[in-house]
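Open the model in your viewer and keep the selection panel at hand. This tour goes from side chains to ligand to the whole chain.

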Amino acid sequence: MTERIVIIGNGMAGSRLAGELHARGGDRKVTVLGAEPHRAYNRIMLSTLLTGRIREPDVELAEAAGQGVDLRTGVTVTAIDRAAGTVHTDDGDRLAYDQLVLATGSRAVVPPLPGLDGPELPERVVPFRTLDDCRRILAAADGARAALVLGGGLLGLEAARGLAARGLDVGVVHPVPYLMERQLDPAAAAVLAGTLAGLGVTTHLAVSATRVVADADGVRLDLADGRSLAADLLVLSCGVRPDTALARAAGLDVERGVLVDDRLRTSDPRISAIGDCAQHDGALTGLVAPAWAQARVVAQLLAGEDPGARYRPRPPVTRLKAAGIDLAAMGDPGDGGTGEELTFADPARGTYARLRIHDERLTAAILLGDNPAVGTVIQLFDRGQPVPADRRSLLLGRAFGAAAAPAATPALMPDAATVCQCNDVSKGALVGCWRSGARTVDAVVAATRAGTGCGGCRDAVAGIVGWLSEVDSVEVTR
Ligand SMILES: Cc1cc2nc3c(=O)[nH]c(=O)nc-3n(C[C@H](O)[C@H](O)[C@H](O)COP(=O)(O)OP(=O)(O)OC[C@H]3O[C@@H](n4cnc5c(N)ncnc54)[C@H](O)[C@@H]3O)c2cc1C
């Protein structure tokens, strides 16, 4: 009998799983139920959409929704009946499943402030999670002069930078004494705040919001220190919460997320969970690379391709995708730990670097500002490889004597080095793709998916393709 696989959620994890299953062929019926009315899109790129550098069609994800995949958008699953093996939808349908996958993602947190406690948010107050949110922000920003962002984490700063790039005066209100406290240290955050100020973003730190007053003309944000800030719109960026309501109501084991094992199975062996909604080994992920890695594992298991497939988390690397700001952070900046600690700061140039090294391996790093060694640092961290004897090449991104950054050119990069973190594509895979006939950046990207996540590695992929074409032309003319 044809196996019936139902995926709840057509976001970055659910759509990728459908694509992975489709690519594996086989006799199974895959149904994807997505609450959002759109085709799957690249949520990460919403920040770039906000800047105006790309348009809506550019964020669409080219995942398979064809033969063998029944994609239903604008359909919300309202309940799971585990005993009957069915899901119920808001359009009155009931679908039977043999295997069910939860890919319900996260929801933006709306802070419990007076003025935001009604059933609907005021018109000019918008969270930043979905394409519809992005459209609302853009509509409110049209003709606006000033915007406020509540929350100085990664997404808040990306939103702030995007609105500043559209010419708005932007203020960021953050209750913590420094920005992006989960990824940065106070010194790095101070350099970042300086860079943002130069780009038209003012930061208000260590102060909480106490009230929002919004009407058709604008928004006022009251602060705990007695000030009131006025703007034309307010973007809420106060964190996300895994969407676990369905799983909880169905009696699955849930803590902060839906509990899963190394096979991504929930407490019911017929139900898996992947992406932002899943909690594996005590951790939530909230990033696309693990969501896509989990989708691959579930596809391998459900398709019977590799019964031994298991999800193995990798340490996350955070990069800010805001024009004019180069920031990469990895490891825990607050982890005192033992070992060496190296820092370099040049606030006037917006540059800061900090490396934490233990046993010749990087355990944490922050690189802010233009540092050509950023790719090398990420690879050393990701692979747990030994750092060069002269650490200055990493800290400053420059060669010192013979101690050049080890992978500054594609030729020196080891084949195992990960180029695309989101899709886990190595240099070796890119070279293999070239050798099998892909001759342009677009062809290599289409075949390997490198560069289709956050897009941060596009230049590196282009550099490798350029290097390969040079190597080949030398070999041909020789
Ligand atoms: C602006 C922005 C920038 C980001 N930048 C980065 C970045 O640079 N790097 C990075 O790694 N990550 C980034 N992220 C996080 C990344 O987008 C998420 O980790 C990723 O989207 C998780 O994928 P997911 O499929 O689990 O969840 P989602 O993409 O949120 O998809 C979940 C889907 O499930 C649907 N759904 C929920 N409940 C139901 C239901 N009952 N029935 C039907 N459908 C349902 C939702 O409507 C949604 O469409 C960013 C996020 C945002 C918002």
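This is a predicted model. Begin by selecting Arg16 and Trp292: Arg16 lies over the face of Trp292, 3.8 Å from the ring centre. Next, pick Arg439 and Trp434. Here Arg439 sits over the face of Trp434, at 4.3 Å from the ring centre. Now look for aromatic pairs: how many does the structure hold? The count is zero, with rings of Phe, Tyr and Trp pairing if their centres lie within 6.5 Å.

**The ligand shell**

Select the ligand and display its surroundings. The ligand is surrounded by 31 residues. Then colour the shell by residue class. It divides into 14 nonpolar, ten polar and seven charged residues.

Which secondary structure elements each supply at least two residues of this shell? Highlight helix H1 (12–23), strand S2 (28–34) and helix H4 (154–165): each of them does.

Zoom in on the oxygen atoms of the ligand. Start with Arg43: an N or O atom in its side chain is 2.8 Å from a ligand oxygen. Move to Ala103 and show its backbone. A backbone N or O atom of Ala103 lies 3.3 Å from an oxygen atom of the ligand. Then go to Leu287, where a backbone N or O atom is also 3.3 Å from a ligand oxygen. On its own, the ligand has 990 Å² of accessible area, and the protein covers 92% of that.

**The whole chain**

Zoom out and switch to cartoon. The protein chain has twelve helices and 27 strands.

Why does a radius of gyration of 23 Å agree with a compact globule? Because the chain has 478 residues, and a compact globule with that number would have a radius of gyration near 23 Å.

Notes
Residues numbered from 1 in each chain as written. Predicted model: local features only at pLDDT ≥ 70, side-chain atom pairs only at ≥ 80, totals over all residues. Heavy atoms only, no water. Phe/Tyr/Trp six-rings, centres within 6.5 Å; stacked < 30°, edge-to-face > 60°. Lys NZ or Arg CZ within 6 Å of the ring centre and 35° of its normal. Near = heavy atom within 4 Å. Polar contact = N/O pair within 3.5 Å; in protein donor to acceptor, adjacent residues only side chain to side chain. Areas by Shrake-Rupley, 256 points an atom, 1.4 Å probe, with all protein chains shown as cover. Helix = DSSP H or I, 4+ residues; strand = E, 2+ residues; numbered from the N terminus. Nonpolar A, V, L, I, M, F, W, Y, C, P; charged D, E, K, R; others polar. Rg over C-alpha atoms; globule rule 2.2 N^0.38 Å.
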